[in-house]
Amino acid sequence: MEADILKNLVKNINRYKAHKKSKDNEIVYETLLAHTELTNKYFIKFWQSKNSDEIFDRFCDVFWQKENINNELKNKAKDLLKQIIMAIPIFHDIGKVNPNFQLMKLKVNDFKENKAYLNTHHSLLSSMFYIDYCRKLIYDEKNEDEIVILLAEFILYNGYIIARHHSKLGRLTEFIDLIRLDNDTYFFKLKQIVNNEDIYSVKVDFIESDIDDMFRNLNKVDKDAEKVGRSIYLYIYIRWLYSLLVASDYYATSEFMNGGSFNEVDDLNNIQDWINVYENTDLMKNIRKYQNENYPMSMENLNKATNINILRSEIFCEAEEQIKNNYQENMFYLEAPTGSGKSNTAMNLSFKLMSWNKDLCKIFWIYPFNTLVEQNLDTLENIFGKKENIISKIAVINSLTPIKLKHVDCKGNIISENDEPDENNEKNVYRQSLLDRQFLNYPMILSTHVSLFNTIFGESQQNLFGFYQLINSVIVLDEIQSYKNSIWTEIIYFLKQLSNLFNMKIIIMSATLPNLDRLSQGQSEAIFLLKNSNKFFKTDCFKNRVQLNYDLLDTKVDDKFNQLKEHLKQHLDTDKKILIEFIKKRTANDFWLYLVEDEYFREKNIKIEYLSGDDSLAERKRILDKIKQTEDTIVLVATQVIEAGVDIDMDIGYKNISKLDSEEQFIGRINRSYKRKGITYFFQIDDAKDIYKNDIRVDSEFTLEKEKMREILINKNFGDYYNKILDVTKNNNKAYIKDFLGSIADLKYEYIDKHMKLIDEDKNIVQVYLARKIVDINGDLIDGKEIWKQYVNLWKMKSSMDYAEWKVNMSIITSKMNYFIYQVNKSNLELKEYNDKMGNIIYIEDGDKYFTKDKFNREMLQGVGGIDFI
């Protein structure tokens, strides 16, 4: 099909080239026709692998549900829409017939410079040819007016995708401004010159009324929060096809440049193999035994249970039962107490959904922090580590983890690591591995909310690479409420529509989970996997596991550090594990030093540790291992990094108050196994409003300053708490929701990207590399100076090294560099002295002098006894 279309449109099609490469010191060209055929091959491959016909049908049913035409006409419209979609890869690079592109970009000397053509651009020219082709197809006299009305705008959308396939999406209005037929537009000038009889066989003749038809429906998409489906579906449609086109283009280009095909679509098609290994673990054997012999336990006996594993098994079994009855639904909520085994329950639910829905082919486990990603990877390795065919299918996608190497031969076939490698195979390993990372081509992915939200909402080409991989996937979202509540409404609106269209199964889980359905009027409700989660919160194992004390919070003193220290002393002779959490890093660091330097603590020889987000994975592991192994009194001073999912069991807790859900997360670290007695003391040294700006959850009426919130925390009535929060959120966000839905309807991808950022960019942050010698997580000594040298040398080798090999090696180096990089607020000041600088990374060779007792000292770096700032 593609060959016939291009041959009929372009004269002497084989004289036009798409790419070039050097082979054996000679320039080898790929023809435009050959590249188009390859791109089309991959487009169809990816389309079929994701069962995209079903997505296409769902899209049409929703998008045209209001149209008052009969089914016969709708089916005809669907056939024509499918036809013009399949023309996207065929036309995506046809603009390379631009003589200036051939001459200046590819150095094809058969062409002479043509000043009539504006520069060497090809994407917009490709879009122009595509729009003209589709306009003639749709506006054929055989097609009814209703067909034209339904399809005209899609010519525009698909043309937009082609025009943008080498850049970020931006916003549709930018494209519209280019293609209006006013005499001074870029598109008008192109229109005057594309009808070169030496190139194009068919006259390109845009008709203004036809262009107006394409614009006609742009402002008809719904901006009403209760009728949001159509506009979100259109937003997804463009991202979906853009992602498919870019993936197909990249794979096709790689096949030519590298001389080998990349045939593997790495999806999870053998879930039963995973389930068999999982079910054979001791944990699962015990749960299944309980399920067969004891489940369900009566409420009376549940309240009497003293073994927390009984509660965990009950939660596991009920969630499994609920999802079995509702596995065809798309959105699920799992609200269960901290320490109740949610991660294991979610793993089982993911596997069950995969086994019951045969179209599902990928699992994403998404966490708020990289530390949780690493922790859950350890869990998976403990379960599947001996099964190479399984563990090789699991990939971590974050800034800390190198690109996962895949061993394949030059034909794209998996080879054994024991096979004798050759140069071509080695290069192909890098190339396939890079493509897999860029396009999320793994059966199971562990990543962060930030990474997932970039894929869903980001406008850059790189963010959109793997968007199509979300199709037919299971996504477990852990602790989604940990992010700013100002965008909760947008999150749930969008996730529900995306899951419906893409056949995604989304499990949102937390110990304190707001009923987000209250923010998404007009959409189907999610399934609660525990019909009455409150009954578990009310049991002694969870409700009374930790005593809560507010004496420090209610007592007003000037020297709060001394008050906290003196209060702490009463527990030092009890062989207890004590956890103290601050909400500001500087305060935590200062209090840690305050204790370390205190003579009383030194005389008692009390073990004192400090954990913050500045610590490396190796340091974090050392501290947590020490806490688990010691039987003596130990004090851990920490920042909020300790809250989410850290598997430690402490006896006594002290916490600076912040959000109520954070308090519950913290309590989950105290008496976690319910084998002793636990107590948590709350205090306030820092104000949470300084950290959680624009989050109503830190308003005093919603914190432990109020008696009502204390009652909610002790009774675990988080539904009452979140009902209040959601009411305020819904009322406060009306204007934002209107802008958000309007921006979706107007396809302002740039605005949506910025609006949905989970973490706001701080332009005052600079990365400082402090070179020193440390021990990594494997116990190996690594030298920061040597790592920096390797980094600098790798940059120097970029032009002479195969790009994929360079990218993979760079990911390996940067993962090691993370042991030495610290984020510092430069406060709009400039460093006077440093040893080296590359990009946004400042290199300081004598890194040890900015550490106090082996902990990073920010104040020393920012002017106190260290580097001066101008």
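Here are some friendly notes on the sheet and the aromatic contacts of this structure.

1. This is a predicted model, in which local features need pLDDT of at least 70, side-chain atom pairs count only at pLDDT 80 or more, and totals for chains, interfaces and linings use all residues. Residues are numbered from 1 along each chain as its sequence is written, and side-chain values use heavy atoms, leaving out hydrogens and water.

2. An open sheet of 6 strands runs in the order β10-β15-β14-β11-β13-β12, with parallel pairing. Strands here are DSSP runs of E, at least two residues, and helices are runs of H or I, at least four residues, both numbered from the N terminus; two strands pair if DSSP finds at least two bridges between them. Because β10 (546-549) and β12 (607-611) each have a single partner strand, one side of each lacks a neighbour in the sheet.

3. Within this sheet, β14 (residues 652-656) and β15 (residues 678-683) pair in the parallel sense over 5 bridges. Isoleucine 652 has isoleucine 679 as its bridge partner in β15.

4. The structure holds 59 aromatic pairs (Phe, Tyr and Trp rings, the six-membered one for Trp, with centres within 6.5 Å; planes under 30 degrees apart are stacked, over 60 edge-to-face, the rest tilted). Phenylalanine 582 and phenylalanine 591 form a tilted pair, 5.2 Å centre to centre with 50° between the planes. Phenylalanine 582 is buried at 0% relative accessible area (buried means under 20%, exposed over 50%, partly exposed in between, with a 1.4 Å probe and protein chains only). Phenylalanine 591 is buried too, at 0%.
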